[in-house]
Amino acid sequence: MEESKIQSVIDRVMSELGHREPAGRAGPLPPRRPVAERPGPSATPKHGDNLFPDVDSAVAAARKAYRDLQGLPVSLREQMIAHIRRTMRENAQPLAHEAWQETGMGRYEDKVEKVLLNANKAPGVEFLDTGAWSGDGGLTVVEFAPYGVIGSIIPSTNPVSTVTCNSISMVSAGNAVVFNAHPGAKACSNRTVQLVNDAIVEAGGPPNLVCAVAEPTIDTAGALMGHKGVNLLTVTGGIGVVRAAISSGKRAVCAGPGIPPVVVDETADIAQAGRDIVRGASFDNNIICTDEKEVFAVASIADDLKRAMCANGAVEIDARQIAALRRSIFTDRPEAGRHGTMNKKFIGKNAAVLLKEIGIEAGDEVRLVLAEVEQDDPLIFSEQMMPILPLTRVRDAYEGIEREKAAEHGFRHTATMHSKHLDHLRRMARVMDCSIFVKNGVSYDGLGYGGEGFCSFTIASPTGEGITNPISFSRIRRCVLKDSFRIV
């Protein structure tokens, strides 16, 4: 991508996010450098290497950093977080490019936006407000304390974004973190960990407060989850690693898979719904767990909705082409009503790659492949993580809600509805019971990108924390002064 176009993307994202420097920082940060002067991912770490050859040495280093942090003022955390945010903004382009090249998934320009979103809107120290009660019984103060050393497992789909948001929230709560990256994204993940470490040290914090295993594997992930020096686990990944973390015997904050459905009823703004669905389902080629992954459209408006989607970057394929594409993107032959196993060769690839597989030449400006299917098609029940969106017709909104409840598999992750009917919106919110429910918007509006609120790419639906923040990584402690200090 041309440098001028890259800068325009960044400027637009900064404007949409309402970028402001966090308050409470002591001393100015260095000014933002021009694009041409920004260091690439191959730059040498400034403060030594915080990547360790094994889990034991990484945990030991993190434990020492955690103890050192406890002797420093809480206000220092604000400075560390401000430096992390600035560093991630300055390195958004090279980190996004490295993730794009290393994993082979997604769209580079979308990855830049993901890094900036998390750098600017991941929640920090401001979340940790002290609570207090006073009365005839005296004074009670409630504060948020760190857990200690957190073991964090990082996915290949959102490696830079997940390291960024977890570092900000976990360090804000006073913890140290040992990251174990997905082996398929270890270079960009570990580069992000190194840059975060540099930012912390430059702010006056201890080195190795954020560190990682240099050569992460499934074995090192297991060793980290079972290590006696790790106080809390945070896992972002598939069902297998989530189950392993939950069964580890430690408290675990787990972000599992999602198959976010969309219902569009006859009262919706169809033009807006078509535009928003394409934007969400195609963002970073559908590898984000919140991206729209199947559509239930009331039959009376289904044709209008498809036209609106095709006017905004989708290409519809017919039944014969769907059958051919299904043979390519599934490694198995799933039965009707069941989910299938997706071919890793196509995960995160551009829509043009999928279309070429069935003999259709298209440019990369095509964002999404639209496929109308029956209600029991395996595409409806599968987490595709590629820009193909199945659409099926339903009789009315109530049938759509019933069908999408089954398709979502009870993950309770994310759901979206386009409707102006308040009863339909209320019913879907209650039935789906998801961590994120977006009404009349893009799924990523629920992450604070366009919608209100903070962002995190660790969405802990299996363990109930939802969109994580510093409180998710804190112990709640109460101190009581009996019969004293009431001043009124």
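Select the six strands that form an open sheet in the order S1-S6-S5-S4-S7-S8, with parallel pairing. Two strands count as paired if DSSP finds at least two bridges between them; strands (E, at least two residues) and helices (H or I, at least four) are DSSP runs, numbered from the N terminus. The model is predicted, so local features need pLDDT of at least 70 and side-chain atom pairs count only at pLDDT 80 or more, while totals for chains, interfaces and linings use all residues. Residues are numbered from 1 along each chain as its sequence is written, and side-chain values use heavy atoms, with hydrogens and water left out.

Next, select residues 149-153 and 232-236. These are strands S4 and S7, which pair in the parallel sense over four bridges. Ser152 has Thr234 in S7 as its bridge partner.

H6 lies across S4, strand S5 (176-180), strand S6 (210-213) and S7, and runs at about 160° to S5. Helix H9 (residues 239-246) lies across S4, S7 and S8, at about 170° to S8. Contact here means heavy atoms within 4.5 Å; axes are lines fitted to C-alpha atoms, for helices over the stretch in contact, and angles run from 0 to 180 degrees between N-to-C directions.

Move to the open sheet of three strands, with the order S2-S3-S18 and antiparallel pairing. Strand S2 (131-135) and strand S18 (474-482) stand at its edges, each with a single partner strand, so one side of each has no neighbour in the sheet. Neighbouring strands of this sheet are turned by 15° against each other on average, direction ignored. Select strand S3 (residues 138-146): nine bridges join S3 to S18. Ala145 stands opposite Arg475 in S18.

Finally, turn to the cavities. A cavity is a set of points on a 1 Å grid over the protein atoms alone where a 1.4 Å probe fits but cannot get out, and lining residues have an atom within 4 Å of a point. Points are joined across faces, edges and corners, and a volume is the space filled by probe spheres set on them. The whole structure has two cavities of 30 Å³ or more.

- The largest cavity has a volume of about 60 Å³. Helix H4 (92-103), helix H5 (108-121) and helix H6 (159-172) each give two or more residues to its lining.
- The second largest cavity has a volume of about 40 Å³. Select Lys114, Leu117, Phe283, Ile288, Tyr444, Leu447 and Phe457 to show its lining.

How values were computed. 1 Å grid on protein atoms, 1.4 Å probe; cavity = no way out; pocket = protein on both sides within 12 Å on 5 of 7 lines; lining within 4 Å.
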